[in-house]
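Here's a quick briefing to get you oriented. Have a look at the sequence and the fold first, then read on.

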Amino acid sequence: MVLQRVTLITIGAINLPILRSFYQSLGWEETEISSDQYAVFKTAGVLLSLFPIEELAKDAGIELSHSTETYRGVTFAINVEQPEQVDSTIEEIRQAGGKIVREPSDAFWGGRTAYFADPENNLWEVAWNPSSVFDDRGAMISF
């Protein structure tokens, strides 16, 4: 059996300094293993790393596209504990220079949701789900 866990998510960065600066402007703390060529941010549950996309593709043995205008088919999520936190989180992201793709709105399934893109068009959802359960570290363990 393959362990059912996600421990590290790596975004291939086209411009690591700009992408790192954006996540720092959100107030996210880097770990001590970050370096000039690699940024690792602490989150509740997993680590988020930024690594030069050329090096990531080389390591995986694949060819890559340098376009920051295309949707990459992956969406990350920040789930919050209260519906009003969707709005306040999106406002903080706007102040940090994030591109708001969809303003906060009530969802058909009873929650509240919004979307933003980082400087390289990686898509993030900010969501409140009334049935979400978080552990004491803030990691979502059920919804």
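Rings of Phe, Tyr and Trp (its six-membered ring) count as a pair if their centres lie within 6.5 Å; planes under 30 degrees apart are stacked, over 60 edge-to-face, and the rest tilted. With that in hand, meet the aromatic cluster here: F22, Y23, W28, F41, F76, F116 and W124 form one. Keep in mind that this is a predicted model, where local features need pLDDT of at least 70 and side-chain atom pairs count only at pLDDT 80 or more, while totals for chains, interfaces and linings use all residues. Residues are numbered from 1 along each chain as its sequence is written, and side-chain values use heavy atoms, with hydrogens and water left out.

**Aromatic pairs**

- Searching the whole structure turns up nine aromatic pairs.
- One of them is Y23 with W124, a tilted pair with 6.1 Å from centre to centre and 55 degrees between the planes.
- Y23 sits in helix 1 (residues 16-25) and W124 in strand 7 (residues 123-128), so this pair ties together parts that are 101 residues apart in sequence. Helices (H or I, at least four residues) and strands (E, at least two) are DSSP runs, numbered from the N terminus.
- Y23 is buried, with a relative accessible area of 0%, and W124 is buried too, at 5%. Here buried means under 20% relative accessible area, exposed over 50%, and partly exposed in between (1.4 Å probe, protein chains only).
- W124 also pairs with W28: the ring centres are 5.7 Å apart and the planes are at 80 degrees, so that pair is edge-to-face.
- W28 lies in the loop between helix 1 and strand 2 (39-42), so its pair with W124 in strand 7 links parts 96 residues apart in sequence.
- W28 itself is partly exposed, with a relative accessible area of 23%.

- Setting aside residues up to four places away in sequence, Y23 touches I11, W28, F41, L48, L50, D118 and W124; contact means heavy atoms within 4.5 Å.

**Helix 1**

- Its buried residues are L16, L19, R20, F22 and Y23.
- After helix 1 comes G27, with a positive phi near 90 degrees.

- Four strands make an open sheet in the order 4-7-6-5, with mixed pairing; two strands pair if DSSP finds at least two bridges between them.
- Strand 4 (75-80) and strand 5 (99-106) are the edge strands, each pairing on one side only.
- Strand 5 and strand 6 (residues 112-117) run antiparallel and are joined by five bridges.
- R112 in strand 6 is the bridge partner of D106.

- N121 lies in the loop between strand 6 and strand 7.
- N121 is not a glycine, yet its phi is positive, about 70 degrees.
- N121 is also buried, with a relative accessible area of 16%.
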